[in-house]
Structures are given as C-alpha cells and as structure tokens.
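Load the model in your viewer and keep the selection panel open.

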Amino acid sequence: MILLLVVVALLMLSGWQLQRDARDATGPLTSLDPAGITHIGVSLPGLPAMHYEKRDGHWWRTDGAPTRAIDARLSDLADTAAAHVLSWRPAGDFEPAKIGLAPPRAVLVLDGQVLEFGESSVTGPQHYVRVGPRIALVSSRYVPRSPATATTELH
C-alpha cells in the first residue's frame with residue numbers, strides 16, 4: 001500500500017512539473033511565420049509612423065507615394081515575429097513606466113500583431129516587449145532602429 005502511495009505521489013509530482021514546464025515554455029515572440037508577413041508598421045518616438053507592404057516578393061513603403069524599400073532590412077523586422085523569448089511574465093508584474101513601456105520606445109506591428117518595445121533589461125542585452133497581456137524578454141537585436149539604419153529606401 002505504501003508503494004502504491006509513493007507511485008501516486010510521484011505521478012502527481014510529475015504531472016505538476018510538466019504543467020509548470022509547459023506554462024514556462026518560452027518559444028517564439030508570436031505565432032506568425034516571418035516569411036508570410038505582408039504588412040509592417042514601425043513607430044519610433046519623435047518620428048512619423050512608417051508602413052510597409054510586401055508586393056510580388058518585395059517590400060514597399062506605403063506612406064505617400066509607394067517607394068521600394070530594402071528587402072533585407074524589412075525581412076529583419078519580419079523576423080522579429082519568430083524571435084526567441086528568454087522569458088515571459090504577466091504584464092501586471094511590471095510598472096510600465098519603469099520598463100520603458102509608458103510610452104513604448106518603439107512599436108512594431110506585424111500583420112496586425114502589436115509588439116511594444118521598452119527599455120533594456122539590467123540582466124543583459126535584452127529588451128522588454130509587451131505582447132498583449134504579457135511581457136517578454138528578447139535579444140536587443142530585435143529592437144526596431146531608426147529609419148536611417150533600419151529601413152532606408154532605395155533611390
């Protein structure tokens with residue numbers, strides 16, 4: 001009987017651990033496939049919002065007269081959708097102003113999915129990103145940069 005109780009206790013403990021691991025699994029920042037993204041919006045403080053659309057395999061800036069954009073730069077922004085998340089936490093665990101999310105330092109919209117970027121983390125080259133009701137920590141390489149370095153148009 002004691003052996004049966006020990007087995008049941010171990011099964012319960014294993015089930016609890018599996019649930020905890022599933023809850024804490026990091027995965028990608030969004031469920032979007034970067035190759036399938038067709039609309040990108042970028043907002044940076046002090047600059048007008050920029051909007052891009054993928055047409056026939058190439059990126060075009062759609063603010064005003066359509067202008068061809070550098071495909072590699074926009075593909076880098078689209079790759080943010082699959083950025084590896086180092087950790088997730090509920091947004092309620094943070095005071096938005098303390099992590100740079102009131103207002104956000106940058107906003108990236110990928111096919112309607114809003115990603116709000118905050119300050120860098122004190123634990124390394126990582127930034128806070130609000131995705132709906134959760135906050136993720138991702139590598140700083142995914143933070144949208146100024147248009148001069150991130151989305152220069154072709155002439």
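Which residues have the most contacts inside the largest nonpolar core? Select L29, I40, L108, L115 and V138: these have the most contacts inside that core, which has 27 residues. A nonpolar core here is a set of buried Ala, Val, Leu, Ile, Met, Phe, Trp, Tyr and Cys residues joined through side-chain atoms within 4.5 Å; buried means under 20% relative accessible area, exposed over 50%, and partly exposed in between, with a 1.4 Å probe and protein chains only.

Before going on, note that this is a predicted model, in which local features need pLDDT of at least 70 and side-chain atom pairs count only at pLDDT 80 or more, while totals for chains, interfaces and linings use all residues. Residues are numbered from 1 along each chain as its sequence is written, and side-chain values use heavy atoms, with hydrogens and water left out.

Next, colour by secondary structure; helices (H or I, at least four residues) and strands (E, at least two) are DSSP runs numbered from the N terminus. Elements that each supply at least two residues of the 27-residue core include β1 (39–43), α2 (71–79), β7 (113–120) and β9 (134–139). A second, separate core has six residues, among them I99, Y128, I135 and L137.

Now show the surroundings of L29. Leaving aside neighbours within four places in sequence, L29 is in contact (heavy atoms within 4.5 Å) with residues including W88, L115, V129 and V138.

Turn to the sheet. Nine strands form an open sheet in the order β4-β3-β2-β1-β6-β7-β8-β9-β5, with antiparallel pairing; two strands pair if DSSP finds at least two bridges between them. β4 (67–68) and β5 stand at the edges with a single partner strand each, so one side of each has no neighbour in the sheet. For β5 (85–90), the pairing with β9 is antiparallel over five bridges, and R89 has I135 as its bridge partner.

Select β6 (106–110). Four of its five residues are buried, so β6 is largely enclosed by the rest of the structure. β6 pairs with β1 over four antiparallel bridges; S43 has V107 as its bridge partner.

Last, pick G27, in the loop between α1 (2–24) and β1. G27 is partly exposed at 31% relative accessibility. Beyond four places in sequence, G27 is in contact with A83, H84 and V85.
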